[in-house]
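Hi everyone, thanks for making time this morning. I have one structure to share, so let me put it on the screen.

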Amino acid sequence: MTHATISDRIRNVKISRRAALAGMGASAAMMAGPSQLRAQDTTTLRWWSPQSSPEQLSAYNFQIKKFEEMNPGIKVVFEKTSDEGYQPQLAAAFASGEVPNIVTHLPSFAVSDYWSNGLLEPFNDVIAAVGPEKYYDGANAIYEIDKGQFAGSGIGNSAANMLWLRKDLLQEANIDKAPETWDELRSACKAMQKGGIYGAPLPYAKNSMTTLTIIGFIHLAGGQVFSPDLDMALDSQATRDALEFYRSMRELCPPGATNYSWGESLTAFVSGATATGIYTGRALINVNKQNPPIADHVTCVTYPTISKDVASWTFNDFPSMFIPKAAKNMEATKAFAAFLYDPEGYIQQLHAAPGHVLPVLKTIAQDSRYQDNDIIKKYSSEVETMSAAAAAGHNLGWETPKHKPNVKAGAIVGSGVFAEMVQRVVLNNDNIDTVIGDTAKAIEGIMKG
Amino acid sequence: MTQQQKTPLERQYGLLGVMLIAPTVLVFCAVIVYPLVSAIYLSLFSIYTPTLKGDWVGLDNYAELLSGSEFWSSLWNNIIWTVGTLTLQIVFGVGMALLLHQNLWFRSLARSLILFPYFVSTVVAVLVWRWLFNDLYGILNHLVIFSGLSEMPLDWLGSMPNAMLSVIFVGAWKYFPFVVIAVLARLQTIPEQLYEAARIDGAGPISRFIDVTLPQLRDVLVVIIMLRAIWDFKEFDLIYLLTGGGPVISTQTLPLLVYKEAFALNRMGMASAYAVVMMAIMLVFMIAYIRRTGRADS
């Protein structure tokens, strides 16, 4: 489907007869009332996203403005949420019925959780409007929780646990290649930790980043949280190794890493306070904008594993898009959802943080307008590495291709049990076996609940 | 005894009284009784927050709550936080009020500026303090290293006991102006003759403070302590934004536990049970406050 085709579909949002009658009735009532009230004729769509850097906001505003121009009478309002705050905000929104029309950039496991509780509108119409053939093969499989019904769709891909490196610091430390194993990473961090620069910005706080990091480490140690049939598999040597590695890295992280979340961890690397980083491709634009002197020295690789025998495992959030079932103005909402993939605006959105959110449509990835970006050109090798890692990536909602979708993954991440596991082992020095046992029990409780 | 027959006028007055009090009763029911009854009702169910659907579990939530360690550790944290921050608020507040009661040349300006922490939004205050506590760029760590107290930056918010001490200190900084306002107002009404008499009797500054000022402040301090104890006990935003209850659950107080149950674990029924128990605990403070103010009125 061409750009014009999507736009044409969006332009003529159909309104049902009942909606039209209701609208006419409302209009008549408004005409009789004070003139200040007439502004309420406008249909307002609320759009929530935790991704709201100034560049992204600018891209969103472009998309909103264009959609509003094409659809007079529809107003779109963007509202920020956050990676740590979306769950309580959405819980309150669902409970009160005051839901946003569209939610983007939440991890896919959040979508499956809401879908399994009957809170979401099927996304099939939107996928059909965008054109299923445009997506990468299997890109929407993670959202097909019930056969033939899509809970949402991806608005992008992400490689959340890339290892970011400073080539200049590696060279100074006489390290000639990027670390591939945990031992090599530890040695490199030790060698580079000097002169006020710490080795790594791993998070040790009670938040989603710590949760996602330890889940990644368990996989990088060759383990998994659940078996493919979703039986508990946490109590394993791999989990012990992951926790031991996490603990061993503490002395190589800044003291305040006990309070680090995504923002602090990224800032530590971008500002030059740490020699390595763990993040998505957002590091690229932030380094170029905020710390240009190191911009020519940064690169990324997939995160090292416990040994070269274990394959790397990339945490892909599968940044999503979904529509709450209770959303008002459903037809306009779906039209807006489809419009967000319109190349002109979508590319601008992706360029707002190049490499951070990677395109989910192959037609966009191949589009010369997408490729025509200074950051993507300058770091083509890194973007390629991230794209490949994200394409093979997984998360707790879908640990490996053999796993069933885990609709409780969002609740498990939101509960903070994994982050507590890390804190108990690293900060409290609690017995690892006891902690793993307690964590497994807590997760089983959530799975049954 | 036979009941005396009411005249039509008296009956009309009675009806008028009911009509006049009705709006107040209705508002009271809407904003106090209804939420209270709802919370108690919800606490008897196992409810998934986003859908508000659930099953009747009776008193199971309370049994789980009382048998689990998290409630007791959160209650203990709540007590440490409340006692710690309240003590500092009273000490800072009384000290600052005494200072501002002196005839200083910048007194008017200082009296205005001292209210700043109390008026500034909690979110802004916490952001500022988090920046001050920052391990890499925070001025506190620069001072610590510069003064030679430590070679490495201190982890103010991520390890114990630093996290609890930091939260208590920031809480005291934020709320001590309330104590200053109340105590300063009372100080200005203490008759000067009492101090003159004490001086004639040979009392020094400390004796005058202990024997004249403190007894005069006693009533206002009791009310301040009661009110601030209630407010501090249910403090949520400042602690949540500073530490999120961490490390692990070391600074998690009961309001944070209620929030975690309701919105992180999506267990609204359990959260309501915690809230009801918390309300019962706060009732003790409230009864003490009501009895105290009632006695003062009488």
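Predicted model: local features only at pLDDT ≥ 70, side-chain atom pairs only at ≥ 80, totals over all residues.

Chain A has 21 helices and eight strands. Its radius of gyration is 23 Å, close to the 22 Å from the globule rule for 449 residues, so chain A is as compact as a globular protein of that length. Along the principal axes, the C-alpha atoms of chain A fill a box of roughly 75 × 50 × 40 Å.

How much of the chain is buried? Of the 449 residues in chain A, 53% are buried. And if you take the contacts in chain A between residues at least 6 apart in sequence, 77% of them join residues at least 24 apart.

Now, the sheet. In chain A, five strands make up an open sheet with mixed pairing, and the order is β2-β1-β3-β8-β4. Which strands sit at the edges? Those are β2, residues 74–80, and β4, residues 153–154, of chain A, each pairing on one side only.

Let's look inside the sheet for a moment. Strand β1 of chain A, residues 43–49, runs parallel to β3 of chain A, residues 102–104, and two bridges join them.

Finally, the helix I mentioned. Helix α13 of chain A, residues 330–339, lies across β1, β2, β3 and β8 (320–322) of chain A. Relative to β1(A), helix α13 runs at about 45°.

Technical notes. Residues numbered from 1 in each chain as written. Chains lettered and ligands numbered in written order. Pairing = 2+ DSSP bridges. Helix = DSSP H or I, 4+ residues; strand = E, 2+ residues; numbered from the N terminus. Contact = placed C-beta atoms within 7 Å. Axes fitted to C-alpha atoms, helices over the stretch in contact; angles between N-to-C directions. Rg over C-alpha atoms; globule rule 2.2 N^0.38 Å. Buried ≥ 20, exposed ≤ 12 C-beta atoms within 10 Å, placed from the backbone.
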